[in-house]
Amino acid sequence: MKAVQVDRFGGPEALRMVEVPRPEPASDEVLLEVRAAAVNRVDILLRSGRYHTPPTLPFVPGREASGVVREVGSGVDDFRPGDPVVALAGRPGGYAEFMAAPARRAFRMPEGLDWASAASLPIAWLTAWYCLGRVARVQKGETVLVHAAASGVGDAAVQIAKYLGARVVATAGSDEKVAWARSNGADWGINYERQDVVSEIARITEDRGVPVVIDAVGGPVFAVSLKAVGRGGRVVALANVSLEDSVVNTRDFYPKNATIYGFQIANLMEEGYDPRQDMEDLMGLVASGTLRVHVDHVFPLGAAGEAHAYVEDRRNRGKVVLLPEEG
């Protein structure tokens, strides 16, 4: 089968189309014929060798994919060939024509959910859903600051926060992205390239600060998050895409009795979290049109390098997806 493989760490050119054996599902796995695979920041970090636990070379990237079940392992009772599913962390990864994935990490798709939207849910959208609802426990009427609101996680966080009844302040790196976030439901927008985020938050909240911050950027932005949060507020740190250190002043948060949470969806699952109910809720809301996954750009599988460059250049507004067959 065709797959995109990384056999050396590097830039987007390190992604190469190769022929590899089609995987055989283990007793607890399903074999998925991939219809769409989402591109995530973690894929870029893994490809470049900058992830905190670099993978063993060679490897096929792709942490999430949607498709049709073609085979099931001998111990799998929940799925049958022909079932449409979205799945997490298969082998090889989702940048391939077929992927074997643990049945416990596969979720049957409802009617009305398209392949590209489904493939975009298990990482960015599930992360935003869990962080807002379970970690930060956002309440109706609260104000949520969402950094990088035009990213995949940002797109999800803005919409989910609004669904929970919150008001949203969105930050982005251009006026165009700020306008896009506003059209996506954000109540206020801040262009961090030309506006001081902390000053703008103080103006918007009348110096109270925000109750909740969703920080999917990290690095220097984390220090901004701590300054922007209000008394008794919650900061959820779920990434460090800049790979820079965060230099913070503890005076920016301890007098406020603020709470700081760290979050990573993969580690949460390793600790025993079963995402099935949350995924069913999310898929249902997207299938019904209540929430909308914005798929910014679709690339054929052979153009995975272009897709990575597109995301690295921060051109996307929402998700970028690979399709095994063009169109």
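1. The sheet in this predicted model is open and has six strands, in the order E10-E9-E8-E11-E12-E13, with parallel pairing (strands are DSSP E runs of at least two residues, helices are H or I runs of at least four, both numbered from the N terminus; two strands pair if DSSP finds at least two bridges between them). At its edges lie E10 (188–191) and E13 (259–262), each pairing on one side only. From one strand to the next, the twist averages 15°.

2. Val236 has Tyr261 of E13 as its bridge partner. Helix H7 (residues 220–228) packs on the sheet and touches E8 (143–146), E11 (210–215), E12 and E13 (contact means heavy atoms within 4.5 Å). The direction of H7 makes about 155° with that of E12 (axes are lines fitted to C-alpha atoms, for helices over the stretch in contact, with angles from 0 to 180 degrees between N-to-C directions).

3. Now a helix pair: H3 (residues 121–135) packs against H4 (residues 152–163) at about 40°, with the axes 8 Å apart. That angle makes H3 oblique to H4 (under 35 degrees is roughly parallel, over 145 roughly antiparallel, 65 to 115 roughly perpendicular, and the rest oblique). Residues in the contact include Trp125 and Trp129 of H3, and Ile160 and Tyr163 of H4.

4. A note on conventions: residues are numbered from 1 along each chain as its sequence is written. Local features need pLDDT of at least 70 and side-chain atom pairs pLDDT 80 or more, while totals for chains, interfaces and linings use all residues, and side-chain values use heavy atoms, leaving out hydrogens and water.
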